[in-house]
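Please examine the model shown here together with the report that accompanies it.

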Amino acid sequence: MRDNVLMREALREALDEEMARDERVFLMGEDIADPMGGSYKITLGLSTKYGKHRVRNTPISEIAIVGAGVGAAITGMRPVAEIMYVDFLEVAMDQVVSQAAKIRYMSGGQLSVPLVIRCQGGPGRSAAAQHSQMLEAWFFHVPGLKVVMPSTPYDAKGLLKAAIRDDNPVIFFEQNGLYNTRGPVPDPGEDYTVPLGKADIKREGKDVTIVAYAQMTLFALQAAEQLAKEDGVEAEVVDLRTVSPWDKETVLRSFRKTGALVVAHQAVRQGGVGAEIAATVYEEALDLVDVEIARVGAKFAPTPFAPHLERYVIPGKDEIVAAVRTTLERGGRFGAVGQAAAQRAGAV
Amino acid sequence: MELLRVIDGEGRPLREAPCTDEDARALLERMIFLRAFDERAVALQRQGRIGTYAPYRGMEACQAGAASALSPEDWLLPTYRDHGAAMIHGLPVEEALAYWAGRVESYRAPAEVNVFPPAVPIATQIPHAAGIGWGLRRAGSAAAVLCFFGDGATSEGDFHEGINFAGVFRAPVVFFCQNNGYAISVPFSRQTAAASIAVRAAGYGIAGERVDGNDALAVLDAVRRALQRAREGGGPTLIEALTYRVGPHTTSDDPSRYRDPEEAQRLALGDPLERLRRYLAGRGAWDEADEARAQEAARARVAAAVRAVEAMAPPDPADIFAHVYGAEPLFFQEQRRRFLAELESAARPGAGGPAARGPAPGGAAGGPAVRTEGGGR
Ligand SMILES: Cc1ncc(C[n+]2csc(CCOP(=O)(O)OP(=O)(O)O)c2C)c(N)n1
Ligand SMILES: [Mg+2]
């Protein structure tokens with residue numbers, strides 16, 4: 001085990017190991033071959049190692065990148081298609097939603113599409129309205145697709161390897177703001193996968209459950225530290241890791257323990273993944289008397305170009321802290337926690 | 001396909017110029033201004049005074065030559081690299097610069113300036129051009145449309161569908177492709193197996209032409225004729241201008257990683273400014289005094305724009321909701337009201353105020369704590 005591996009290295013190792021393990025795995029996308037090695041350098045060195053036929057630079061044709069990926073997957077290949085920004089996956093929506101996700105169904109189970117679509121994006125870099133969207137909810141809405149959004153290098157590597165071995169189309173969404181984060185990862189060649197569809201409890205707590213994924217998980221952990229220090233609140237942080245299918249059991253188990261839920265993401269709150277989780281938890285927990293549920297998400301506005309405006313639209317740690325406090329104050333039933341929260345409320 | 005050239009690499013005339021010396025001088029002055037802007041913008045980015053910037057260095061003949069063919073009522077659709085053309089067509093210089101500084105005040109062309117916002121997702125402006133052209137004709141306007149895009153954009157479905165549409169509807173559009181050899185790191189040879197972009201016009205049943213994109217007079221000539229054809233109902237034209245992206249893709253790119261620095265010399269396209277300068281000097285229509293005057297005027301104009309952008313008031317937080325809707329839905333107005341109320345209460349002494357500035361990765365996205373609505377009972 002190494003302690004300090006960059007997220008981008010972990011992702012590259014996953015691709016490298018899967019290409020070495022399975023001849024059928026190949027990569028295609030814009031600017032991914034050496035010497036460029038991808039706009040964010042995730043595929044750097046791989047075309048040199050495996051040849052340009054297995055790491056293909058393509059024309060700027062998102063429809064064909066996904067569509068040809070679907071075709072190649074049907075023939076038994078294991079394509080990993082890279083779309084430079086998740087925003088550009090919009091161009092190929094039919095290929096994703098009505099082709100990749102539907103071909104198994106439309107062929108009566110005759111065909112399968114073991115395609116991984118890697119894309120990156122997200123806010124935090126002043127990349128403006130068309131280059132920093134969090135669009136996972138669109139794909140979350142589509143039966144037949146899986147959507148993976150890791151928060152740590154360990155999970156990223158294990159999940160990417162699992163996604164490549166999965167027989168379904170998988171959208172693998174890498175949040176740009178995480179590329180330069182570090183964390184422990186097993187040694188290269190030590191084969192491990194992280195199963196799709198399993199959440200991970202990144203911090204245990206008894207007072208409130210914070211459900212997050214991708215970079216918001218890191219903000220949730222920071223929020224939990226602040227709440228512990230300032231309010232004596234112990235938050236449990238559940239990292240979904242896979243957004244679709246989401247791990248209902250783990251979320252419900254945590255919620256039954258804490259009785260309060262905050263679902264947090266940086267995507268627009270309206271119609272977001274958080275809405276589905278909040279509604280499901282509410283429905284499933286009707287037997288509980290007092291439940292408190294809140295959502296944190298981006299405002300219903302495009303992402304501004306100006307960095308000082310972007311921070312008003314996109315939530316982070318502070319918004320999670322505020323939502324937890326509001327939630328617990330409203331509940332007011334957590335004994336010491338509730339009293340502490342009520343005092344805070346009185347003090348403001 | 002033949003390559004149209006009016007002057008050679010040394011600025012020697014090859015055929016009759018499409019314009020007077022006076023017009024050619026004006027064209028050179030514009031190119032000198034565009035070069036000054038581009039150089040200053042790169043420097044400002046290096047100093048951290050603006051954000052990432054996409055230089056058009058080496059492509060000034062395309063930018064100024066094509067845009068100089070436009071009449072004021074014509075529409076221009078630029079990409080992120082075509083603010084040079086946009087300024088020539090009347091976009092105020094400070095608005096072009098403000099764009100790269102991330103200001104909402106940018107690219108708000110005055111009402112009489114028909115410049116579209118720059119296309120950053122690739123090729124999306126090509127179908128728009130077909131629609132604008134069609135719309136103008138239906139409205140009885142005599143205006144035409146000039147649509148810029150790169151070699152890489154020709155691989156997108158939007159290119160095919162947009163041009164085919166324009167052909168079918170005989171929309172008055174000039175599709176102007178700057179083939180600068182690269183799409184980020186990918187050379188043109190990897191975009192298409194076709195020998196050129198212009199030959200593809202035949203497949204759409206429209207006129208096609210290939211020009212030396214570093215020859216401002218050739219660009220001006222080809223675009224002017226194509227606009228004329230469009231106005232007379234002759235339908236769209238696809239022009240391929242052969243040029244070279246001398247600089248990086250953007251200021252965050254390092255082209256030495258993926259291309260040979262000698263390559264530009266081998267292409268022998270020459271510097272577009274130098275070529276026109278020599279042409280005019282050869283006719284006794286440009287001397288050192290002209291050059292000094294043009295340089296000084298360009299620098300002053302750019303400096304004034306820099307001052308204007310840097311003097312802009314800090315962005316108003318309420319701008320995050322500006323221009324999302326025309327007539328705003330009630331819930332949207334309510335969202336703004338709530339946001340402003342929270343800002344105000346956060347600004348009250350003792351309330352803590354907005355936290356960490358800037359959206360630092362790994363840090364708080366900051367901003368005022370915003371109360372969220374729960375789904376609970
Ligand atoms: C739909 C879409 N796909 C990919 C990109 C990423 N991208 C930005 S610029 C660029 C290269 C474009 O090359 P070209 O059209 O030749 O224009 P140039 O940059 O050379 O002016 C690419 C691939 C994008 N912005 N939009
Ligand atoms: Mg190009």
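This is a predicted model: local features need pLDDT of at least 70, side-chain atom pairs count only at pLDDT 80 or more; totals for chains, interfaces and linings use all residues.

Residues are numbered from 1 along each chain as its sequence is written, chains are lettered from A and ligands numbered from 1 in the order in which they are written, and side-chain values use heavy atoms, with hydrogens and water left out.

**Metal site.** The magnesium ion (ligand 2) has B:Asp151 (OD), B:Asn180 (OD1) and B:Tyr182 (O) as its protein donors, lying 2.1 Å from it. Donors are N, O and S atoms within 2.8 Å of the metal (3.2 Å for Na, K and Ca); water is not among the atoms, so sites may look incomplete. The spacing of the donor residues in sequence is D-x28-N-x1-Y.

**Burial.** The table lists buried residues (under 20% relative accessible area; exposed is over 50%, partly exposed in between; 1.4 Å probe, protein chains only).

| Residue | Relative accessible area |
|---|---|
| B:Asp212 | 1% |
| B:Asn180 | 5% |
| B:Tyr182 | 8% |

B:Asp212 belongs to strand β7 (residues 207-212) of chain B, strands being DSSP runs of E with at least two residues, numbered from the N terminus. Leaving aside residues up to four places away in sequence, B:Asp212 touches several residues, among them B:Leu3, B:Arg5, B:Leu242 and B:Arg275; contact means heavy atoms within 4.5 Å.

Technical notes
Helices (H or I, at least four residues) and strands (E, at least two) are DSSP runs, numbered from the N terminus.
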